[in-house]
Amino acid sequence: MPKNSKVTQREHSNEHVTESVADLLALEEPVDYKQSVLNVAGEAGGKQKAAEEELDAEDRPAWNSKLQYILAQIGFSVGLGNIWRFPYLCQKNGGGAYLVPYLVLLIIIGIPLFFLELAVGQRIRRGSIGVWHYVCPRLGGIGFSSCIVCLFVGLYYNVIIGWSVFYFFKSFQYPLPWSECPVSRNGTVAVVEAECEKSSATTYFWYREALDISNSISESGGLNWKMTLCLLVAWSIVGMAVVKGIQSSGKVMYFSSLFPYVVLACFLVRGLLLRGAIDGILHMFTPKLDKMLDPQVWREAATQVFFALGLGFGGVIAFSSYNKQDNNCHFDAALVSFINFFTSVLATLVVFAVLGFKANIMNEKCVVENAEKILGYLNNDVLSRALIPSHVNFSHLTTKDYAEMYKVIKTVKEDHFSALGLDPCLLEDELDKSVQGTGLAFIAFTEAMTHFPASPFWSVMFFLMLINLGLGSMIGTMAGITTPIIDTFKVPKEMFTVGCCVFAFFVGLLFVQRSGNYFVTMFDDYSATLPLTVIVILENVAVAWIYGTKKFMQELTEMLGFQPYRFYFYMWKFVSPLCMAVLTTASIIQLGVTPPGYSAWIREEAAERYLYFPNWAMAILITLIVVAVLPIPVVFVLRHFHLLSDGSNTLSVSYKKGRMMKDISNLEENDETRFILSKVPSEAPSPMPTHRSYLGPGSTSPLETSGNPNGRYGSGYLLAGTPESEL
């Protein structure tokens, strides 16, 4: 045998040897296939499995423990939206009535698709780009779209963490800086800031001291230097948490995922002890059944399910790709979904308890102010004292006494009642006042905390909880960007991660202008929602209709060791895609009927006003949506017309001392050796050719036999022309 032969290299060198499969078939010397990943004898013994696990261990990091992984998934799915978006939607959409559409959509869409993403990530052990390239090369653009959506969300999401950082540092003082309106002196006269006096101390602090907001999105107003520094701190924290991949982010999750539950439990106990807390909770669980029939409620519930579980972002796939193949992802899907829903309900209980307390305070304030008006009318003989019930004591006026007095005056002065300017001061009206999104945390909650004993302590705990919740979600969002890019393009992990954070910080300066909050609304409400829905639908279609639901269920049975419930088959195949198609159509119609807009804070009026986006902002919004979904049709067209290779027409084998590893290299598409594929899915970007034919959901590979020893194939060879994959 020649000294320079490849077999000689294989026997006497520890270096990797790469040769074409044609040379391998012509074998200069027999290869010990029992020690090879390509186990021709089809043995199901421990050597082959050990070789596969060894290859995976060499090439991909893994979670240190199952607990670390579960906490990572919980940290990603449980975020700021659970604290303010879910309670706001409950308040806006009929309290307990909103829980019905949310639970229904969670069961028929959320959990099945969450399980699907966990399964494909764990089986293929790649990020979103590699996974969807693997499942269906023509729909490989899904992974790129997921990365873009993650980028959009990460840009504004970290701005919210920056806001929380600002409030966190401002909380270390007593009294809290948003507890009272600022007073300026004009000589000997103390003058309260007019904008604050017209609104409230917490509202003024949020819009003027924190955001220093402009009157519209068209008025930039320059950078807010305080928020710019906070954004830099936020990106520095995220960068340090994710720079080493799961080695660093996994450890951070122990604190960032568990600490919020400690704070929520403390707030729940404290909230239930507040006066009026029960009123708020009863209001929450008093359903308005007419809301259940509103299509808008169902559309918003579906959007919340997507955001709550992190569907379509790629973070779920990225985290699960670091699991072992035999991990029970079916249990993980149910557990994380339950914890996510439990957290939303827990946060809603806390919020409504605090809002009940705040509503009682505001209602009492309303009673005092209107009682002073009535006393003035009595002193000026505008009203007769005969109208006031004898038991009413103005020095200790209760809401019940005021309601009785209000009713009498309204009945007697029916024709001139409106001129008196009296308010009914109903508790229900205060509870129905919905505070949207960030306003719930930075206005309603902060105002309630000013009435807490030891208010700085509670404020510090609350905003530290928000920072941790945001950090957990940002780690998953960054994983949705970095993992698929690193897997696909093999870029240096640390350098690329730091580069992403630096780039995102500079682009994020858009959101720390004085008009930045309006851009946050644009990105949050519109730019990510529609592309995310499209991505989730196509993920479902790629697995259920192109790869095949029955075949996918067979793969899951092999991977998990048991067959998942048939419930998932029907959800993936029929129910989920149909529901999502209807909801997407409704969203597009809603977008056309109601032009996009935002709530602007008008300084002179000290009030919010709903404004429509100007034409240039609409152009940006449409561009963002198009950019997010553009990779999907582009990749489809390129691969349909064979302008972009899917990697299935090239194959070679690398090995080291009897151990063979699959590698994609140069080989013609029609080469006979194209029929050989390794059984290590983590080693190949895509084993499926573009021209493969789909044999149907119940079909099997021509090479499958009933008597094979490993339960799959009679040999280690896999026919690449079939739709079977290592998914």
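Is A606 buried or exposed? Select A606 in this predicted model and have a look around: at 7% relative accessibility, A606 counts as buried, because the cut-off for that label is under 20%. You are in the loop between β4 (597-602) and β5 (607-612). While you are here, check the backbone: the phi of A606 is near 55°, a positive value in a residue other than glycine. Most residues other than glycine have a negative phi, and most peptide bonds are trans.

Now select R125, in the loop between α6 and α7. R125 is not a glycine, yet its phi is positive, about 60°. With 4% relative accessibility, R125 counts as buried.

From R125, step across to N323, which touches R125 as well as W63, Y69 and Q122, leaving aside residues up to four places away in sequence. You will find N323 in the loop between α15 (315-320) and α16 (329-379). N323 is buried too, at 6% relative accessibility. Show side chains here, and you can trace a polar contact of 3.4 Å between those of N323 and Y69.

**Into an enclosed helix**

Colour helix α7 (residues 128-135) next. 8 of its 8 residues are buried, so α7 is largely enclosed by the rest of the structure. Which elements surround them? The buried residues of α7 pack against α6 (96-124), α8, α15, α21 (455-489), α24 (529-560) and α27 (631-640).

One of the buried residues of α7 is W132.

**Two helices side by side**

Now show α8 (residues 141-170) together with α26 (residues 615-629). Their axes are 7 Å apart, and the helices pack at an angle of about 145°. To see the contact itself, select S145, I148, V149 and F152 on α8, then L624, V627, A628 and V629 on α26. The residues of this contact divide into 7 nonpolar, 1 polar and no charged.

**Last stop: a cis bond**

Finish in the loop between α8 and β2 (183-186), where P175 sits. Zoom in on the peptide bond from Y174 to P175: this bond is cis, with omega near -5°.

Technical notes
Residues numbered from 1 in each chain as written. Predicted model: local features only at pLDDT ≥ 70, side-chain atom pairs only at ≥ 80, totals over all residues. Heavy atoms only, no water. Axes fitted to C-alpha atoms, helices over the stretch in contact; angles between N-to-C directions. Helix = DSSP H or I, 4+ residues; strand = E, 2+ residues; numbered from the N terminus. Contact = heavy atoms within 4.5 Å. Nonpolar A, V, L, I, M, F, W, Y, C, P; charged D, E, K, R; others polar. Buried < 20%, exposed > 50% of the residue type's maximum accessible area, 1.4 Å probe, protein only. Polar contact = N/O pair within 3.5 Å; in protein donor to acceptor, adjacent residues only side chain to side chain.
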